Amino acid sequence: MTPPPLHRKLGLAIASVILILDQLIKYIVTVPLQLQSRGDEGLEIIPIFALRWVENRGISMGFFHADNDTARWLLVAMTAGIAGFVASWMWRERSRQDVIALGLVLGGALGNIIDRVRLGFVVDYADLHFGEWRPFLIFNLADAAITIGVLILLARALLLREKGANSESQN
């Protein structure tokens, strides 16, 4: 059974929008705002949110830090492989909600891969903070899309499993 073509188009559209917005915002913070030259102070937008320049040479929480070209390209290959897996899954997925989540993950992954290929690092800039407390590391739109997509997939998997287990126990 093939998934409805509309689901595929929706997933690709979401991935494309995330990718384009991610690269556009990274261009804005890099070129017009010249965030890199602002140092640690960054640019405060509102009291709980600022733009700060971070060159992320690893993946989430600094794991797999790529200090040299070999490590960088291995990281690119690994994340491209994951993106390929996500794209394949999205292409076969029949659930509209899962296709939406996979589109978020794919678009975010591609945005970060482009940075790593082009610059050697991922541009992070979003600093959500409450006083000195930062519930997240500095991140970007691609990271947020990946996180939201994965959370949707996990929540749906857990809720659907729970729902399935409850209906089986009632039989």
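Is Glu55 buried, partly exposed or exposed, and what is its relative accessibility? Glu55 counts as partly exposed, at 28% relative accessibility; buried means under 20% relative accessible area, exposed over 50%, and partly exposed in between (1.4 Å probe, protein chains only). The structure is a predicted model, in which local features need pLDDT of at least 70 and side-chain atom pairs count only at pLDDT 80 or more, while totals for chains, interfaces and linings use all residues. Residues are numbered from 1 along each chain as its sequence is written, and side-chain values use heavy atoms, with hydrogens and water left out.

Glu55 forms a salt bridge with Arg57, with 2.8 Å between the closest N and O atoms. A salt bridge is here a side-chain nitrogen of Lys or Arg within 4 Å of a carboxyl oxygen of Asp or Glu, and by this rule the count is seven. Arg57 is partly exposed, its relative accessible area being 29%. A salt bridge also joins Arg156 and Asp98, at 2.7 Å from N to O. This pair links distant parts of the chain, 58 residues apart, with Arg156 in helix 4 (residues 141-169) and Asp98 in helix 3 (residues 96-119). Helices (H or I, at least four residues) and strands (E, at least two) are DSSP runs, numbered from the N terminus. Arg156 is partly exposed, with a relative accessible area of 21%, whereas Asp98 is buried at 13%. In the salt bridge between Asp127 and Arg134, the closest N and O atoms are 2.8 Å apart. Asp127 is buried, with a relative accessible area of 1%, and Arg134 is partly exposed at 33% relative accessibility.

Strand 3 pairs with strand 2 (residues 49-56) in the antiparallel sense over six bridges; two strands pair if DSSP finds at least two bridges between them. Asp124 in strand 3 is the bridge partner of Val54.

The largest nonpolar core has 13 residues, of which Ala83, Val86, Met90, Leu102, Leu106, Ile113 and Leu153 touch the most other members. Such a core is a set of buried Ala, Val, Leu, Ile, Met, Phe, Trp, Tyr and Cys residues joined through side-chain atoms within 4.5 Å. Helix 2 (69-92) and helix 3 are the elements that give two or more residues to this core, and helix 3 provides the largest share, seven residues. Ile113 touches Val76, Thr79, Ala80 and Ala83, not counting residues up to four places away in sequence; contact means heavy atoms within 4.5 Å. A second, separate core of eight residues includes Val29, Phe121, Val123 and Ala126.

In helix 2, the buried residues are Arg72, Leu75, Val76, Thr79, Ala83, Val86 and Met90. The buried residues of helix 2 pack against helix 1 (5-30) and helix 3. The end C-alpha atoms of helix 2 are 34 Å apart, which agrees with the 34 Å that its 24 residues should span at 1.5 Å a residue; the expected span is 1.5 Å times one less than the number of residues. At the start of helix 2, a side-chain oxygen of Asn68 lies within 3.1 Å of the backbone nitrogen of Thr70.

Terms used. Polar contact = N/O pair within 3.5 Å; in protein donor to acceptor, adjacent residues only side chain to side chain.
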